[in-house]
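Here are a few notes to read alongside the model. Have the structure open while you go through them.

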Amino acid sequence: MNNGRNNGSRRKKKVRQGTRTALRHGVTELDQVLSTVHRGEADAARMSPVSEALLPDATEHACRVFVENMNEGAAILSSQGAILYANTRFAAFVDQPLEQFLGSRLQDYVSPAGLPRMEALLEGGTRGSVKGEVELKGAGGRKILIRLSLSPMKGVRETICAVATDLTGISDNSEALRASEKELRLLSTRLLEIQDEERRRIARDLHDITGQKLALQCIALSRMTRLLSPTANDETRESIAQCLDLTNQIVEEIRTLSYLMHPPLLDELGLPAAVKWYAEGFQKRTGIRTDVDVARGLPRLRPDAEVALFRVVQESLTNVHRYSGSPNAYVRITGDENEYKVEVGDFGKGMKVEQSTSPSTEAAPLGVGIQGMRQRIRQLSGVLDIFSKLGKGTAVMASLPILKLSLPAEKESAGKAEDTSAETDKAKARLLLADDHEMLRRGLHSMLEKEADLSICGEAKDGIDAVEKAVALKPDLVILDVNMPGLNGLAVVRQILLSCPETRILVFTVHDSEQTLQESFNAGAHGFLSKGKAGRDLIDAVRAVLAGKQFYPSLKLESSVAAGHR
């Protein structure tokens, strides 16, 4: 009897051990399924019943709980895309109740553009494991990007096991990141432009204002020296001479600083002349022999392109002085029908090229360093490359596309011969800028001078000056502010039209109220534009008015304009 009891205990123990073993196998296989789902590698084999060794009730319950609660969508499809089974998560992707989702076709939730892709995935899923991304349609037109993993289901013909992973959040984050990067690039570009504009403005003020006053002081001191009486003591003469010498030194330093910020040669004669001047001064200041080689027959580039390349030369030579330890440097300017190239090199310590491409952990000043140079060239559709070898030196090469950035032939030749320049001006519309803000006039001048068919024939700083210059210069178009010192802008409109009826007038003001617009129209102005919209509409407004059209943004005035306002 004891033997029978012992045999019964052993049998029960074996059953319990077998049950534990089966459950352990089941848990292991469920863990494997979960891992493959999270890796996006789930297929029909892994989604099919885990093992025949498991107890049926335990297996079915565990699988159902797992499939219903996992974050991915799971479904069994026919080869034609009919949804035979799906978990709640899959139905939630398309905002459908599960009972309505079952029995429908997966293609019904795919946009027309994505149907070929969906059909191809279904066809591939009947033969083997395939993966692909498809955009589904949710309620209210909501779009859901999912990654589908399809595999034929074992033991059941023409049936596909599908696992869907929602990629919408990842896609949205990627789009947000790309948008953020684009905004940062635009901001960086704009900041560099502002920096160059400020350099130009400060350089001009130093030259035209501070430099002129210092020059007058030099003249006054020289005159004082000549007016000294013969009996003046030596101490007085020496003090005045010292003041004159010091003032001359300041004048030279101011001129150098002004030219370094923005060399006038860059505007007047172009990049090669400015680079030669800068290299000569760089050699004197640093003692580094700098050779400049410029190919013949190179075209003039747009001002912004020449400024960008000049800054590359300036920054590169500064780096040569600071870091290379080289006694020699060179600058080469070459080009062909496609590219304009500038290369700056040395024969010094060299560096690891990856140092030039990896972002620094410390914030660098705006526009300084390699990243600043890259940004300047990139914004002009160009490329900046750095070649370096330790102990052999470094070369920085910037290239820009000529077709996009070269000046038209008439602009390039302007100033070379008097008769050619006159013929060129005749082919252009002549504009007079009338505004009491110098910075605004400069901004308008910079914007309009880039247009091949426009030229600035003059500038006026007040209303009286505007009338006088309009009468003397006979411009094709006057761009006029309303609030002008000396004579109100609307009175200026009437006087100009009285003396020069062929001249067209575009009112350009910050006061864009309906009343100001109506008064400008009544005074006879041919167009009206708010200064806040200059970046977007100025060129269009100028061309429209020059073409004999009216440019008034208010719909209320269109009928009166059409009725014959000229």
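**Notes on the sheet and its helices**

1. Start with helix α10 (residues 271-286), which lies across β6, β7 and β8 (339-346) and runs at about 170 degrees to β6. Contact here means heavy atoms within 4.5 Å. Angles run from 0 to 180 degrees between N-to-C directions, with axes fitted to C-alpha atoms, for helices over the stretch in contact. Helices (H or I, at least four residues) and strands (E, at least two) are DSSP runs numbered from the N terminus.

2. A word on the source: this is a predicted model, where local features need pLDDT of at least 70, side-chain atom pairs count only at pLDDT 80 or more, and totals for chains, interfaces and linings use all residues. Residues are numbered from 1 along each chain as its sequence is written, and side-chain values use heavy atoms, leaving out hydrogens and water.

3. Now the sheet: it's open, with five strands in the order β6-β7-β8-β10-β9 and mixed pairing. Strands pair if DSSP finds at least two bridges between them. At the edges sit β6 (289-294) and β9 (383-389), each pairing on one side only.

4. β6 and β7 (residues 328-335) run parallel, joined by six bridges. V294 has I333 of β7 as its bridge partner.

5. Over at β9 and β10 (393-401), helix α13 (residues 369-378) lies across both, at about 145 degrees to β9.

6. Back to α10: its axis comes within 11 Å of that of α11 (residues 303-324), crossing at roughly 15 degrees. That makes the two helices roughly parallel (angles under 35 degrees).

How values were computed. Angles under 35 degrees count as roughly parallel, over 145 as roughly antiparallel, 65 to 115 as roughly perpendicular and the rest as oblique.
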